[in-house]
Amino acid sequence: MTERKIDRDTKISRRTMLGTLGAAAGLAGSTSVLPGVARMAHAQGSGPIKLGFQVHRTGIGSAYGRWYERVATAAVDRINASGGINGREVEMIAEDDGTDPRRGAEVLERFSSLHNTDAVFGPLFSHVVIGSAPRAGELKMPYFVVSEGHHVASGILNRYTLQPGITDVKSQVISMAPFIADNVGKKVTMIYPDFAFGHDHRDFFSEAIAAQGGEVIQKIAIPPTETSFTKYFPSIPRETEVVYHVMVGPAVLTFVREMGEFFGGRGPALFGFIDSLEAVDITSPGLEFLDGSYFWEGMARHAQPDQTPHEDAYRAAVGVDAKGASVDDPRDVSTYAHMFGVWETLAVMKAGMEASGYQGPDDRTALIEAVEGMTDMPLSDDHPQGDKVFNGKTHQVFGHQNITQLKNGTLERVHRTSIEDTFYEDEVDYTSQSF
Amino acid sequence: MEFGPHLILASLEGAVTAAILSLTAIGLSIVFGVMRVVNVAHGEFFMLGAVFAWYISQFLGTHPALGFVAAILIAPLLVGTLAAGLDRLILQRIDYNPERTIVATIGILYILQQGTLMTFGPDARPVAPPFNQVIAIPWFEFTDAGFEIYWPWGLGITSYKLFIIFAAAVVLAGVWLLMTRTKFGLIMRATQQDRETAQAFGVPVDKVFAYVFGLGAALAAVGAVLVVPVQQAHYLMGFDPLLLSFIVVIIGGLGSLPGTVIAAVLIGMTDGIISVFFSPTLAKIIATLAVAMVLVFRPRGLMGK
Amino acid sequence: MTGKSKSYALHLCLIALLAAAFFILPQYHVGVLSRVMVLAVYAMGYNMLFGYTGLLSLGHALFFAAGMYGFGLSVQQGGLPTGLALLIGLATAFTVSLVVGFLALRTKEVAFMIVTLMFAQAGYLTVLYFGSITRGDEGFVINTAKRALFGVDLSDETARFWAALLLFSVTLLAMAALVKSSFGRALIAVRENEERAMMLGYDTHRLKYVAVLLSGTLAGIGGMAYALLFGYVGATFASVQYSIFPLLWVLLGGAGTTIGPLLGVLFMYYLIDISSSFTDAYMLVAGVALLILCLFAPQGLAGELRKRVFPWLP
């Protein structure tokens, strides 16, 4: 048992050393295990509030990451223009995680120990979230993810990880089933990447469509390294009424085009998660066949006739036109259906910090408790996508989902679910966990 | 879809994969065979070919066919020149030491990838094919009424995909002629067989190596220009072609051009045909293991001496 | 001092230096060192095969992942106690090495490289294929409660550091002893000239097989330790990228040197970490650094040290 002995001894000496450092700075006995040096500046509640932004600048998530960063920058500018948080300016520190779970965890260490951020937000890809979340818990760093994964609400993460700005895949998928069964078709073939989130789609949707009297008659899981897809389409049974597709990554456009070539306009109806075409111009050559097909969209890329003034303001702030493309370059299409999540997450973080009277890292748990205490989030400039309901126990937000139909190159909204449509039973109660 | 049409379709798709793969791999095979170095950056030359093709075609902005012709003439030239320059600047200085070359080409890979990300951005960019008609293929069945021909749903190929197969065959024939019928080919083969002796006979080996390295990269770029109307240009697209090319070159037998082409066809077709019988990911696993087993039982590759 | 005692002094000094770093360095770098030491164990496993035996594998991620998933799945999904799960992880890595070694050693040189690459690729796809158990690319978290051994909570920064140092030190000293042993010298003989080694009466095939087993199992231990100490298991660690990393680390640090793997991991880590704090284009910086190192330090960091300063360096 020498290991344990060494462990105890060094813990003491380390703590003694930290204590000495802290005392020298006029800061007595801290309960935190974090080293003291940079805590000082925060302890007085002066200086800017530092928010770490874990961003996919490189790697497979970079197309999303670029737009997430644009939205985050706009949202922080907006917060600062209206007086910051608790009267303090917000400083955003962005670090690239390379869309890699190991680097993601390392970036959290940098935020915690080098930058002394007050909280961290921003990752989309599930493997980065799950790879980083244990570190967030160990470093006691509030970690606000914008990932739409079911990982938060499923209970596998920890009390420091929250998803208050975007709905999760489970609620998105189950709320689609009634519309599909009633309006598109009951016999469904699913095509999805052989990734965990693809499996989530498969499992949640199969169950939800069965509850509507429909049936998934074929499931085609595409390996992620694939670059050509035509050879898989013959597995789609002839009696299929709807093809449900959700693909991600740089090969998505190939996938959609080859599907069009395969069916040649004679195929079943199409229902897709816009993930299959996020950041892709819907009028790209070869996509003509998509006309008439349906899409899930978190937020409708193309401006709808009844667009709220809140969304007007959001589009303007982010620099996106009515077609969801960059104002400067109409070929530069945004990840519009997802990126609002970053905007709303930052708004929730601000609200949480203000409700808890956040001063510095000692108040991190108060910040989490404040967010856990939130319930209704009304439609506003803070929540341009629509009103939402936050579930403090599962750390997950719920909101409306949109279904659009492509008509002559425009995505027109044909259905908007209620928030209740997206509810499911709680699978965890994070508030019962200790900090 | 019924079994027969499905198999035909999978074979056709496999043939397209094989065509692109053989072009990419033949470039690597020449470099590997003549210079005996592992070029980890080969896939990045493929990626650059695709990116340049996108840039050229959207810069011209004219009819897709014109952009495509310009791309297939210019992109490989640019990529080849760049590669030859890198050879002179770096690989020559480390004397083509096998291990150092791996590190150096990983370095080049990082630089090219990041450079492309910074100038070109992270999005996948489409290039319009010069022509693209869907060609439906008929199938037959024996019903009570006897022999019948019909057009199954989805059984077909596009004219552009057929063109890829054709173009790849032409380029490969060109490479074959270059290697066997020209003085440059003779010099290359001499260098491949015995570097020292070739040098003693007055072959400027350094220069030959720079040309070979450039040629290998240019062939990868040709493959990329051909594929980019079907897939899209993306800064991370080089990795899979790199792995597949390596596999093809080794399975074919080091330094054997016919072996490389045979292996490309074998692997491309296996990939297509196995997908008929198994679920997609399982098919990939089985195809990968099957090809690995070829090497386990024929360690020198199919055509290796 | 003889070369042998110098080499032991060097290794003990290095361990002492790492231990001292815990008290001197700020928290952040202590955390970095924990991770670097675990990855260095992986790199040492790789070095055993590549640096000392001369076999270039591009499939070591398979062994790393075998240890990681063998342990992770049995502790998290199977609910087994941590100690037992670690043994299962070890057994998994060993078994995978046994099979891969048996098949892949029929080939040589580049063919060996490709065969190992393809086995690893098949392994990666297998992790995705059994997504309902492994959660595929997304991976899974190992409960903090399960990350304790002999009553020590390894999710604690301090415990983690000492556990990583203990593992690293044991591996380093074992490697140092191994390369000085007659077995180690026989491996080097195989690397230098296999035919001559064979004529000298060595059973080179058996030597290489044992090297694959040791190397693969050690890589698996690295994977296991990573899962245990950092609490995450995911398919990324089975991807080709993680087969190329150890090759890069070992080449940079110095192939066929005992301290090279650690130097290589440290160098790459801080190269990325430091450059990423002042530029987005850190991969560009890394690429240029690799080229410079390759041009001016062809033997790797430890290799250059051996060539220029300490000829006795093991």
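Predicted model: local features only at pLDDT ≥ 70, side-chain atom pairs only at ≥ 80, totals over all residues.
Me: How far apart are A:V318 and A:R413 in sequence and in space?
Reply: The two are separated by 95 residues in sequence and, C-alpha to C-alpha, by 22 Å in space.

Me: How do you know whether A:E148 is buried or exposed, and what is the case for A:A279?
Reply: A:E148 has 26 C-beta neighbours inside 10 Å and therefore counts as buried, the threshold being 20 or more. For A:A279 the count is 26 C-beta neighbours inside 10 Å, so A:A279 counts as buried.

Me: What makes α9(B) a mostly covered helix, and what covers it?
Reply: Of the 14 residues of α9(B), 11 are buried, among them B:F246, B:I247 and B:I250. The cover of these buried residues includes α1 (3–35), α2 (42–60), α10 (257–277) and α11 (280–297) of chain B, together with α5 of chain C. On the side of chain C, C:I114 touches B:F246, B:I247, B:I250 and B:L295, not counting residues up to four places away in sequence.

Me: Which residues touch the most other members of the largest nonpolar core?
Reply: That core has 346 residues, and B:A53, B:A221, C:V41 and C:I114 touch the most other members. At least three residues of this core come from each of domain 1 (44–167 + 340–399) and domain 2 (169–297 + 401–422) of chain A. In soluble globular proteins, nonpolar side chains tend to be buried together.

Me: Why is chain B called as compact as a globular protein of its length?
Reply: Chain B, whose secondary structure comes to 11 helices and 4 strands, has a radius of gyration of 21 Å, which is close to the 19 Å given by the globule rule for 305 residues, so chain B is as compact as a globular protein of that length. Its C-alpha trace spans about 75 × 50 × 35 Å along the principal axes. Buried residues make up 57% of the 305 residues in chain B, and of the contacts in chain B with a separation of 6 or more, 76% are between residues 24 or more positions apart.

Me: How do the two domains of chain A meet?
Reply: The C-alpha centres of domain 1 and domain 2 of chain A lie 30 Å apart, and their contact takes 11 residues from domain 1 and 11 residues from domain 2. The side of domain 1 that touches domain 2 has 5 nonpolar, 5 polar and 1 charged residues.

Me: Which residues does chain A bring to its contact with chain B, by class?
Reply: Here 31 residues of chain A are in contact with 29 residues of chain B, and the largest share of the side of chain A, 5 residues, comes from α8(A). By class, that side of chain A divides into 16 nonpolar, 9 polar and 6 charged residues.

Me: What does chain C contribute to its contact with chain A?
Reply: The contact takes 34 residues from chain C and 36 residues from chain A. On the side of chain C, α7(C) gives the largest share, 5 residues, and the classes are 16 nonpolar, 13 polar and 5 charged residues.

Terms used
Residues numbered from 1 in each chain as written. Chains lettered and ligands numbered in written order. Core = buried A, V, L, I, M, F, W, Y, C linked by C-beta atoms within 7 Å. Buried ≥ 20, exposed ≤ 12 C-beta atoms within 10 Å, placed from the backbone. Domains from an automatic or database assignment. Contact = placed C-beta atoms within 7 Å. Helix = DSSP H or I, 4+ residues; strand = E, 2+ residues; numbered from the N terminus. Nonpolar A, V, L, I, M, F, W, Y, C, P; charged D, E, K, R; others polar. Rg over C-alpha atoms; globule rule 2.2 N^0.38 Å.
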